[in-house]
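Please keep the sequence and the structure in view while reading.

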Amino acid sequence: MKRKPAWKPTGAGLTCGLTLNTKVDGQVTGTLDYQPGKEVYDVQLGGTLDMTGIWSNYNTFRTLYIVKNGKAEFYKKSLTGQFQYQFQVNPDVVTVNEEILCSPAAWQTAFETESQDTAAAFFSYMHCVDAAYDAATGTVTVTFRINENGSGKVSTKTIDDNKDAGSKPDFIHAYSPAGAFTIKVENFKKGQSAFVGKASFTGNMDLSPWMALIFPLRYTANVTQDNLLLNVPDAKVTFDVENGTWADGTADTRVATVPVDVFKLSEGAHVVAGTLTEDMIPVGMIAAEGYDQENGAWDQELVTEENGLVFRESGLTTMSRNGNDSMSIGYTYSFPGKAADPKPVDPDQPAFPGEDDNNKPGEDNKPGDTDKPGEDSKPGDTDADKPGTDKPEENKPVDNTNKQEENKKPSSSKVPTAAATGIAATLGVQALSVAGIFTLLRRRKNR
């Protein structure tokens, strides 16, 4: 009859809990909103590993062994083992710095730093030995192995002596190294996730040098993964009316919500654009008394082509037309004043005030007229010796008094002010379609 072991190997098929979440620029969050003006986001994946079940089984074995064989014999034993952590990034969204990601030292430092309050002694013997990345699938595999002072194992005495320092941690808190994963704004896309698929966590511990079959700790984590959802908040389009009202008689600002997304133009260049639909645009505006109903107009062209309304463009602090830093564009519909009615013409009145039939400007002097402008000098006049009497007309001094006065009068033509032209130059890009943005960028590049 075969002898049965004193205890059963209860450590196989253990489970532990792994709750993953994400950090963006050091702050835990499950949703990453596009932030106007921000070009790069640092992203980390990590969370909390619950190992209470693992150490509970270890402690059960330890107690039974010491009762049977004594503590001195137990301290002759060592533990071997490792754990492996695997997850998947979205390579369409996440930019990977492989120099950091594939560095075991970077992972070791990250885990030691994050877990120093609860598991400092644990990471004195559990070391990262490998970190690999598959760029085709975005799969990351990180392996930690027990290795105290290069021995490839850790003594049970070390674990017991350092239990208060976290040699047997119930929980491990850790994240991927900072800088390993970033999201560039041109790769930002609403509805996508930074991390995809399912993460996995597996591990084992064995007793050395013997009784490994009686003492196997095999564990797999039940993983809850936060994939970090990307979001681009809706933009706003405001409508105002001047010198009149909307069709219902009101004149308050109207606001339309426009869904937008980020569109990559090239490496480092992007736009945030959306579609202004016809049903969002007010119609039937009514001019106030004294204003021209027929000639009311928007202050700028309303762009209704698909994703043709550009709210922001890379390289510009803000593309808002309303002057603040939100993603919004404003349009104003205004009515001009009516032109004054022309004054009726009286056919009995002379064309030029003060004139009569005998003294019309430009009319040749009639024979016998005296003292009329432009009259030629007659032979025998007593004024023949007066200066300039018989000199050619072009030699006479020119009187510029009236011309100077005319030059002082303001011109009737409209000249745009510097402010107006500056606003036009700054805001003109708003009405571009996504296709037209390429032309805009080429022009700026060639300047």
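Two strands are said to pair if DSSP finds at least two bridges between them. Helices (H or I, at least four residues) and strands (E, at least two) are DSSP runs, numbered from the N terminus. The structure is a predicted model, in which local features need pLDDT of at least 70 and side-chain atom pairs count only at pLDDT 80 or more, while totals for chains, interfaces and linings use all residues. Residues are numbered from 1 along each chain as its sequence is written, and side-chain values use heavy atoms, with hydrogens and water left out.

**The chain as a whole**

- The chain contains 9 helices and 23 strands.
- Of its 447 residues, 37% count as buried; buried means under 20% relative accessible area, exposed means over 50%, and partly exposed lies in between (1.4 Å probe, protein chains only).
- The accessible surface of the chain is about 26,100 Å², and 50% of this surface belongs to carbon and sulfur atoms. Accessible areas come from the Shrake-Rupley method with a 1.4 Å probe, and for residues only the protein chains shown count as cover.
- Contact means heavy atoms within 4.5 Å. Among contacts in the chain between residues at least 6 apart in sequence, 73% join residues at least 24 apart.

**Strand β5 and its partners**

- Strands of a sheet pair through backbone hydrogen bonds, either parallel or antiparallel.
- Strand β5 (residues 78-89) pairs with β12 (residues 195-208) in the antiparallel sense over 11 bridges. In this pairing, Leu 79 stands opposite Leu 207 of β12.
- β5 also pairs with β9 in the antiparallel sense, over 2 bridges, and here Leu 79 stands opposite Val 154.
- A further antiparallel pairing joins β5 to β8 over 7 bridges, with Phe 87 opposite Val 140 in β8.

**Strand β13 and its partners**

- β12 pairs with β13 in the antiparallel sense over 5 bridges; the bridge partner of Gly 203 in β13 is Tyr 219.
- Strand β1 (residues 14-24) and strand β13 (residues 216-224) run parallel and are joined by 6 bridges. Thr 19 stands opposite Thr 224 in β13.

**An open sheet of four strands**

- In an open sheet with mixed pairing, 4 strands follow the order β17-β15-β23-β21.
- β17 (254-258) and β21 (297-298) stand at the edges of this sheet with a single partner strand each, so one side of each is left without a neighbour in the sheet.
- Strand β15 (residues 235-242) pairs with β17 in the antiparallel sense over 5 bridges, and Lys 236 stands opposite Thr 257 in β17.

**Nonpolar cores**

- A nonpolar core is a set of buried Ala, Val, Leu, Ile, Met, Phe, Trp, Tyr and Cys residues joined through side-chain atoms within 4.5 Å.
- The largest nonpolar core has 85 residues, of which Phe 87, Trp 107, Phe 181 and Ile 183 touch the most other members. Helix α1 (residues 52-69) gives the most to this core, with 6 residues.
- A second, separate core of 6 residues includes Phe 263, Leu 265, Ala 269 and Val 271.
- Leaving aside residues up to four places away in sequence, Ile 183 touches several residues, including Leu 32, Val 93, Phe 188 and Leu 228.

**Helix α1**

- The buried residues of α1 are Ile 54, Trp 55, Asn 57, Tyr 58, Phe 61, Arg 62, Tyr 65 and Ile 66. They cover an arc of only 160° around the axis, which puts them on the same side of α1; the arc is that of the directions from the helix axis to the C-beta atoms.
- The face of α1 turned away from its buried side carries the exposed residues Val 67 and Lys 68.
- Gly 70, whose phi is positive, near 95°, follows α1.

**Residues in loops**

- Lys 153 lies in the loop between β8 (139-146) and β9 (154-155), and Lys 153 counts as partly exposed at 34% relative accessibility.
- Beyond neighbours within four places in sequence, Lys 153 is in contact with residues including Ser 78, Leu 79 and Asn 147.
- Asp 25, in the loop between β1 and β2 (27-28), has a phi near 50°, a positive value in a residue other than glycine.
- Leu 228 is in the loop between β13 and β14 (229-231) and has a positive phi of about 60° although it is not a glycine.
- Asp 25 is partly exposed, with a relative accessible area of 38%, whereas Leu 228 is buried, with a relative accessible area of 0%.
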